[in-house]
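Morning, everyone. Here is the structure for today. I'll start with the pocket.

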Amino acid sequence: MKRFVMGLGALAFAALLIGALLEPLPVSVDLRAAVTNNMASSGVEHPVTAVLLNFRGYDTLLEIAVLLLALIVILAVGIDTASDQPRTVNPILQTLARVAAPLVIVVAVYLLWAGAFRPGGAFQAGAVLAAAAVLLHLTGLLPSWQVPTRTLRWGLTAGFLIFLAVAAGLLSQGALLHYPPAQAGMLILLIEAGLTISLGLILAGLFLLLSREPGDDA
Amino acid sequence: MSIAFDLLLALALLWSGGRCLSVDRLDRAIVLFIAFGLLMALAWARLAAPDIGLAEAAIGAGLTGALLLDAYGALKRRKA
């Protein structure tokens, strides 16, 4: 009997899903014209960056807040640290990582700078920075983080705090994140620089905090 | 020419996604997942969305792949 009811429920749910799929979609919103017409006042030349940091800056502000929250939750939960043997690392890998890491940092800065006029931007640059940290950690050159130090805490939150400060500062101008067109480019670069550092640290933190081992010195 | 490439890319995506879920060894599934992420980045680039392609390659394939491999290593070390 129970199985029958459950089967019936599943069938009804499947029918509902199919019905929802068949329902005609609302006429899709085409915002391309709106974005192109307002590019001049956005402060950047790449439409994706203009949308992410200017027209819909609110979304990006909440995104970095969510990422920061995820990291705080990881810190709060406290990972059960299993004792691991220190890994043996091939010296060739270590040398390669030593050569690659500075280049990766240069790439991250380039991506951040390029975001204003071509594909790139803070999120990609942050991810590349985090990749450098992960590479160094996996080759045994960077110990995992036990407890975040004060500097690290500031670094993790800097992006969100700078973004929030700019948003709050502009609130007096009328609307949240409504940049004056003359300073928009500079403000966006400032926010993106903070975002890059914080995102790199947060994404690397997901890795380095989760892999902390009792033997490591912080 | 580009149609052939797109078709090949779509097939490779479906194949790597399917294999990633059906393969019975965890390490192979992770490597297939990374390959899937890289192909996905290529697909985004073909769809004229290089921004998403960059993010997919860096986060989807790179960081997530490294995290999965590290987790696999930790699991194996714990078992041993």
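First, the term: on a 1 Å grid over the protein atoms alone, a pocket is an open set of points where a 1.4 Å probe fits, with protein on both sides within 12 Å along at least five of seven lines, and lining residues have an atom within 4 Å of a point.

The model is predicted: local features need pLDDT of at least 70, side-chain atom pairs count only at pLDDT 80 or more, and totals for chains, interfaces and linings use all residues. Residues are numbered from 1 along each chain as written, chains are lettered from A in the order written, and side-chain values use heavy atoms, without hydrogens and water.

So, what lines the largest pocket? There are 20 lining residues, with Val48(A), Leu52(A), Gln124(A), Asp51(B) and Ile52(B) nearest the centre. Two or more residues each come from α3 (47–55), α4 (57–77) and α6 (122–138) of chain A, and from α3 (50–79) of chain B. Helices here are DSSP runs of H or I, at least four residues, numbered from the N terminus. α3(B) gives the largest share, six residues.

Now Gln124(A). This residue sits in α6 of chain A. Beyond neighbours within four places in sequence, Gln124(A) contacts (heavy atoms within 4.5 Å) Leu111(A), Asp51(B), Leu54(B) and Ala55(B).

Last, back to α3(B). Its axis and that of α2(B), residues 26–46, come within 8 Å and cross at roughly 175°. Axes are lines fitted to C-alpha atoms over the stretch in contact, with angles from 0 to 180 degrees between N-to-C directions. Over 145 degrees counts as roughly antiparallel, and so α2(B) and α3(B) are roughly antiparallel.

Note on methods. Parallel < 35°, antiparallel > 145°, perpendicular 65-115°, else oblique.
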